[in-house]
Amino acid sequence: MTNLTMFSLEGKTALVTGANTGLGQGICLAYAKAGANVIGVARRSCQETADKIAAFGGSFKEIIADLSDTSVIPKIAEEADKAFGRVDILVNNAGIIKRCDAADVTEEDWDAVININEKMVFFLCQTFAKKWLADQKGGKIINIASMLSYQGGIRVPAYTSSKSAIIGLTRGLANEWARHNINVNAIAPGYMETNNTQNLRSDEQRSEEILSRIPAGRWGTPEDIAGAAIFLASDAAAYVHGFTLAVDGGWLAR
């Protein structure tokens, strides 16, 4: 019989970016329920996340930081160490999307998306992996990809580029760090009920087009990510490296 304690995160500390809302908040709650101490990083207050975790007796600490600039990384690492000690799990969830015809995308908007969705992800991975390489105790990295890691999308060229890069980055880092007991994997959420999809869900025609292609027949929720996030962060995924797990209601199967 499988020992279900392999899915426990008891005694672990997880750092999740974009923790104030949506998928990030959902992952924070899932980890806290699985026994982890959780550090939420966001540009705005994570009070709602903190309150939800406190309601069931979980441990949560917020770090306010603007993830558009890598200069905040040393502060994040320092405050994380002070919060609960060693960070064992890093979830790179924070991201932005800017919708615009490709012909009209400005360099400023392009850089804004790439900086948060791709550049920040790599340097956060590097920062915590250096700690894990030094103490030789291993760690877990989970990057949040997208359906647009596989498809081109419409009117989101920078977002598509950044999320396509996440799959490649996840593979590349796994190739280097797997031998050091550092698991680098990713989750590709399907169409989820989050701030990023508010405009799509508000457009009745576009929403119907999307729903008609999802075999599950509904938009995903932050709760739908919980199982995948716990699995990849746990001992149950000890031999999983460089893989991107789609949680998409069957979208990619169509």
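This is a predicted model: local features need pLDDT of at least 70, side-chain atom pairs count only at pLDDT 80 or more; totals for chains, interfaces and linings use all residues.
Residues are numbered from 1 along each chain as its sequence is written, and side-chain values rest on heavy atoms, with hydrogens and water left out.

The chain contains eight helices and seven strands, these elements being DSSP runs numbered from the N terminus (helices, H or I, at least four residues; strands, E, at least two). Along the principal axes, the C-alpha atoms fill a box of roughly 50 × 45 × 35 Å. Of the 254 residues, 47% are buried, where buried denotes under 20% relative accessible area, exposed over 50%, and partly exposed the range in between (1.4 Å probe, protein chains only). Among contacts with a separation of 6 or more, 69% are made by residues 24 or more positions apart, a contact being defined by heavy atoms within 4.5 Å. The accessible surface amounts to about 12000 Å², and carbon and sulfur atoms contribute 49% of that surface; the areas come from the Shrake-Rupley method with a 1.4 Å probe, and for residues only the protein chains shown count as cover.

Asn-185 lies in strand S6 (residues 182–189) and counts as buried because its relative accessibility is 0%. A polar atom of the Asn-185 side chain is placed 2.9 Å from the backbone nitrogen of Phe-243. Beyond its neighbours within four places in sequence, Asn-185 is in contact with residues including Ile-141, Ile-142, Asn-143, Thr-170 and Leu-232.

Asp-88, located in the loop between helix H3 (73–84) and strand S4 (89–92), is likewise buried, at 13% relative accessibility. Its side chain is joined to that of Arg-86 by a polar contact of 2.8 Å, the term denoting a pair of N or O atoms within 3.5 Å of which, within protein, one must be able to donate a hydrogen and the other to accept it, with residues adjacent in sequence counted only if both atoms are side-chain atoms. When neighbours within four places in sequence are set aside, the contacts of Asp-88 are Gly-11, Lys-12, Thr-13, Trp-132, Gly-139 and Lys-140.

Ser-45 occupies the loop between strand S2 (37–42) and helix H2 (47–54) and is partly exposed, with a relative accessible area of 44%. The Ser-45 side chain reaches the backbone nitrogen of Gln-47 at 3.1 Å, while residues up to four places away are excluded from a contact list that comprises Asn-20, Glu-62 and Ile-64.

Two loop residues other than glycine have positive phi values. For Gln-136, phi is near 60°; this residue lies between helix H4 (107–135) and strand S5 (139–144) and counts as exposed at 69% relative accessibility. For Arg-155, phi is about 65°; the residue is found between S5 and helix H5 (157–177) and counts as partly exposed at 41% relative accessibility.
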